[in-house]
Amino acid sequence: MKKVYSLLVLLFAFNVFVSAQVAVQNLSTENLINPIGIDAKQPRFSWQLVSDKKNILQTAYEIKVSSNAGAKGDAWNSGKINSDQSLQIYYNGSPLVSGKKYFWQVRVTDNNGKTSSWSAPAFFETGLLNTSDWKAKWIQPGYKEDTAYQPSPLFRKEFINNKKIKSATAYITAHGLYEAHINGKRIGNAYLTPGWTSYNKRLAYQTYDVTNLLKDGKNAIAVMLGSGWYRGHLAWEDHKNIYGKDISLLMQLTITYNDGTTENIVTDESWKSSTGEIKSAEIYDGENIDARNSKAGWELAGYNDANWNDVKIGSFTNENLFASNNEPITKHEIFKPLKIFTTPNGEHVIDFGQNLVGWVILKAKGKAGDKITISHAEVLDKNGNFYIENLRLARSQDSYILKGGDEETFEPHFTFHGFRYIKIEGYTGEITADNFTAVTLYSDMKKTGTFTTSNELINKLQHNIQWGQRGNFLDVPTDCPQRDERLGWTGDAQVFSRTASFNMDVNNFFAKWLRDVEADQNENGSVPHVIPNVLNKSDAGSTGWADVSTVIPWNMYLAYGDKKILAQQYPSMKSWVGYMQNQSKNDLWNSGSHFGDWLYYIEGGSTDNYLIAQCFYAYSTQLVINAAKVLGKTEDVTFYTNLLQKVKTAFIKEYSTPNGRLTSNTQTAYVLALNFDMFPENLRMQAAERLTENIKNFDDHLTTGFLGTPYLCEVLSRFGYTDVAYKLLLQDTYPSWLYPVKMGATTIWERWDGIKPDSSFEDKGMNSFNHYAYGAIGDWMYRTAAGIDTYEDEPGYKHIKVMPHLGGNFTYMNADLQTHYGNLSSHWKVENGKTIFDIEIPANTKADIFIPATNADAITYLNGKLTASKDINVVGVEDKYVHIKTGSGKYSFIVN
């Protein structure tokens, strides 16, 4: 018994010792967990520290990278590096080899002198690092295509494997969209690959580990293509074949055998081509499948393809190929019918309860030739009938022709829809919930932020913000997912980017898209309205839209501390500011065509487009100054600082009276002028007063559009009017954020009154019910109301600011953010006359916490006085907040 007790004591002591040590977890390479297909020749490593102690900081790290699981740092051993950096450390070892898996580990030393154990191994696999690594040829259908409907081509090849396989990796891309199989099993879980980029300049390829799909003996590769964004209809006026008329495949399967030899199975003249059941597939119009034309077994070895056509070899460059390092589009939530009903017009309709983006999986049984059609809609009209007029020319319809016999299952491959409701035609059996399933599609970004409050309408608003993001982040940030548009509108993306970075990890998503912004930027520096640009080159240079080139790189730097984005986009940032400079006379930019404060409340008055342009001219110039400071470009700092002063002087001279009254007496005018510091210090408070008076004149309603709305509440809080900001947030009559919520919205609307109080609709030509731009209020909710923010001196939440702004009769508000350092939380609640603040700061960070209280003695911490604690530092009282400095850990403060 004594021995058992002694053993228990030893085990307890060991557990205490282990729990007191710092540990390392969540290793990532290029912000991805164990990625394959990385084409960065110096990939970046990141990790998180974990400790049950407070105020833990890293003081040193050591990384070792190995060329195989057994080697110990043969590719790179950093040695002990004295640094607190735990994010985005560049590989600095021997040159990486294409198509090779590397293993890496890290250990750290903390500020208590404790060194962690080596982390569990992580890995990354390189892609094809050189263009010459591609051995495959581009192949195209060998038959004459039906140019009217463009049925999806099928490609196949069989090969024999007689050796034991160690690993097999597939590299695939296409002109169009692809879906690939090996031996009848789907390759990967990504959809709508290779995604959408400025194809002629940048075409992504995907990398897959297919080792488990191969077998001994005969194997078959089968690939199906769709027109997609490459040659399908996009935008308006019958735009198609924007990137080319061809539809082509490039695939390389590299097999490594146990004996050390390798073999490449590539697309070449030996492949076969044909068509199958997909008779047409378009992004806007939907997909048409005739199961009678399916080729049973074509994905398997032994299939008789004697009647198939040969393939043609395409002549295309591979210089534009790059490895896809952003998250692919994948399936996510599924929805079963909430309600099945017949409309007053006799339509058979299913309501899935959520406006979503994806498609419907259908099960049906019937006779050969029976045709089932599914149409998609976001809303019903005021009489309860199916409504599709706001889709404009997008048919958004999938049709399926049965082959007959047993129950059949259908789902699209190369399209997507924005919908809550579907209309079913031609279904011969009983329409039941078991036979219809809605599946969501969006880029597979990690969900990072949660925000909940005591107000259910605000919780629904947050729900709508998140679903607007999910539905419109399909490889590019689209404006809407349902009508004949679905384009990467730059203005929408830039106003929403900071909100997006709270809800999801959009670091790689925007890093990829920003390269297309740069690729499609015109030679004169103007930025197109949409990216990838499928409009005319002259459709560019609109203020607030083109500023995407400066705003999002800076926002990503703030959210993730990603200096690489700034460095890569810096020439683009300068080029855009240079364009505005060249368009200006005497530092005043009052020329060109601009969207202005898009879809503002018209009774609130129009804001001069050139006043807006001057404000964003200053803002982008400021962001270039900020980036130049980070990148150490001192000459640029001096140049653009001088330019900024001249831009602001020109603004005051042109648009302001001596006492600070603007020529446009609108909320947006004052919001932008205040947010971008266009006024001298002595005129700012009076401008804020004018803004609040304007809001009162509209009975506490906003009147702002796309460009004014994102900054409205932030400006109010900055100048001491948080109470007014809460009034706007909680306003539930038109125009307001909560009006659509009370009207039943499940996503953010394009217009403040997409559905009017009498249930009639706004202009059908521009009335999306899934349009995230006005969801930019989320940024104020997270960073100001809940109080989670980052300082610019150490961005990415390395230096954290927690400063909740209470108000609006909320009894609690909780915000949690999974930063790249770990979980960051700010919770507050009012209970029994006391306000309780629960805050969590992740390891290897520091924080300035501001608790709303008149003095430190009013705050209880650890059941005692705040000033008596040793693990925090009370700085003092600043503007009705007690300022506290601290490090990592969980903290609870009670204000009596």
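Let me begin with the ground rules. The model is a prediction, in which local features need a pLDDT of at least 70 and side-chain atom pairs count only at pLDDT 80 or more, while totals for chains, interfaces and linings use all residues. Residues are numbered from 1 along each chain as its sequence is written, and side-chain values use heavy atoms, with hydrogens and water left out.

On confidence, where pLDDT is the predictor's confidence in each residue on a scale from 0 to 100, the protein averages 95, and 98% of the residues score at least 70. Over residues 1-19, however, the pLDDT is below 50, and this stretch has 1 contact in the model beyond near neighbours in sequence, a contact being heavy atoms within 4.5 Å.

Now to the pockets. On a 1 Å grid over the protein atoms alone, a cavity is a set of points where a 1.4 Å probe fits but cannot get out, whereas a pocket is an open set with protein on both sides within 12 Å along at least five of seven lines, and lining residues have an atom within 4 Å of a point. Grid points are joined across faces, edges and corners, and the volume is the space filled by probe spheres set on the points.

The largest pocket holds about 1,400 Å³ of space. Its lining has 43 residues, and N675, E714, R718, R783 and D789 lie nearest the centre. Among the elements that give two or more residues to this lining are α8 (609-631), α9 (634-655), α12 (709-718) and α15 (777-785); helices (H or I, at least four residues) and strands (E, at least two) are DSSP runs, numbered from the N terminus. By class, the lining has 16 nonpolar, 14 polar and 13 charged residues, with Ala, Val, Leu, Ile, Met, Phe, Trp, Tyr, Cys and Pro counted as nonpolar, Asp, Glu, Lys and Arg as charged, and the others, Gly among them, as polar.

The second largest pocket has a volume of about 1,100 Å³, and of its 50 lining residues the closest to the centre are L32, I33, P35, E327 and P328. Strand β15 gives the largest share of that lining, 6 residues, and the classes come to 21 nonpolar, 22 polar and 7 charged.

Turning to charge pairs, a salt bridge here is a side-chain nitrogen of Lys or Arg within 4 Å of a carboxyl oxygen of Asp or Glu, and by this rule there are 44. R783, one of the residues nearest the centre of the largest pocket, meets D779 in a salt bridge at 2.7 Å, N to O; both lie in helix α15, 4 residues apart, about one turn of the helix. D779 is buried at 14% relative accessibility, where buried means under 20% relative accessible area, exposed over 50%, and partly exposed in between (1.4 Å probe, protein chains only).

R483 forms a salt bridge with E485, also with 2.7 Å between the closest N and O atoms, and R483 is buried at 1%, as is E485 at 6%. Salt bridges that share partners join R392, D479, R483, D484, E485 and E750 into one network.

Finally, which strand holds F850? F850 is found in β42, residues 846-852, and is buried at 6%. F850 and V882 are 32 residues apart in sequence but 5.5 Å apart in space, C-alpha to C-alpha.
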